[in-house]
Amino acid sequence: MDLREIADRLEIGDLLARYSYAIDSGEWDLLDTVFTPDATIDYTSAGGAKGTRAEMKAWLAKVLPAWPGRQHLIGAATVTFTPGGAEVTAPFTDALAPSREALAATAPGLIRGGGWYHHSLVRTPDGWRSRSWSRNRPGAR
């Protein structure tokens, strides 16, 4: 691995962390540093919407406040560099809670899940950005 690839892998790790932080904190504009403006973002595997960055920021801002307690954890990503960018797959686990207070695992409204995030990344003048994102459930790589 040369220094460029090491730097790219670190930057991609930061991109994945920014995604989780944006979703969990509700700082929707931070998604501008994760996705290209024309990115396709697909939440349909979780019963959600699919659209561009702007459409998904608006959708997330509308639906996620119902779960103010949000935490997404992303595991070790596999990164495959291609002539046009990089393909990234990372396991995740998440919890959406109706409160930021500690809750029992059986609390009504608590949602726990996980699966795989899939990004198609491109290098932009501002760094790596995702041009296509989707998620699926465990076992459905």
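Y43 is buried, with a relative accessible area of 8%. Buried means under 20% relative accessible area, exposed over 50%, and partly exposed in between (1.4 Å probe, protein chains only). W133 also counts as buried, at 1% relative accessibility.

This is a predicted model: local features need pLDDT of at least 70, side-chain atom pairs count only at pLDDT 80 or more, and totals for chains, interfaces and linings use all residues. Residues are numbered from 1 along each chain as its sequence is written, and side-chain values use heavy atoms, with hydrogens and water left out.

## Aromatic pairs

The whole structure holds eight aromatic pairs. Rings of Phe, Tyr and Trp (its six-membered ring) pair if their centres lie within 6.5 Å; planes under 30 degrees apart are stacked, over 60 edge-to-face, and the rest tilted. One of the pairs is Y19 with F35, edge-to-face at 6.2 Å centre to centre and 90 degrees between the planes. Y19 sits in helix 1 (residues 3–25) and F35 in strand 1 (residues 35–42), so this pair ties together parts that are 16 residues apart in sequence. Both Y19 and F35 are buried.

The ring centres of Y43 and W133 are 4.6 Å apart and their planes stand at 50 degrees, so that pair is tilted. Y43 lies in the loop between strand 1 and strand 2 (50–51), and W133 in strand 7 (residues 127–136), so the pair ties together parts that are 90 residues apart in sequence. One aromatic cluster takes in Y19, F35, Y43, W59, F92, Y117 and W133.

## Fold

The protein has two helices and seven strands. Helices (H or I, at least four residues) and strands (E, at least two) are DSSP runs, numbered from the N terminus. Along the sequence the pattern reads α-β-β-α-β-β-β-β-β.

Among contacts between residues at least 6 apart in sequence, 52% join residues at least 24 apart. Contact means heavy atoms within 4.5 Å.

## Size and surface

A compact globule of 141 residues would have a radius of gyration near 14 Å; the protein has 15 Å, which agrees. The radius is taken over C-alpha atoms, and the globule rule is 2.2 Å times the number of residues to the power 0.38. The C-alpha atoms fill a box of roughly 50 × 30 × 25 Å along the principal axes.

Buried residues make up 38% of the 141 residues.
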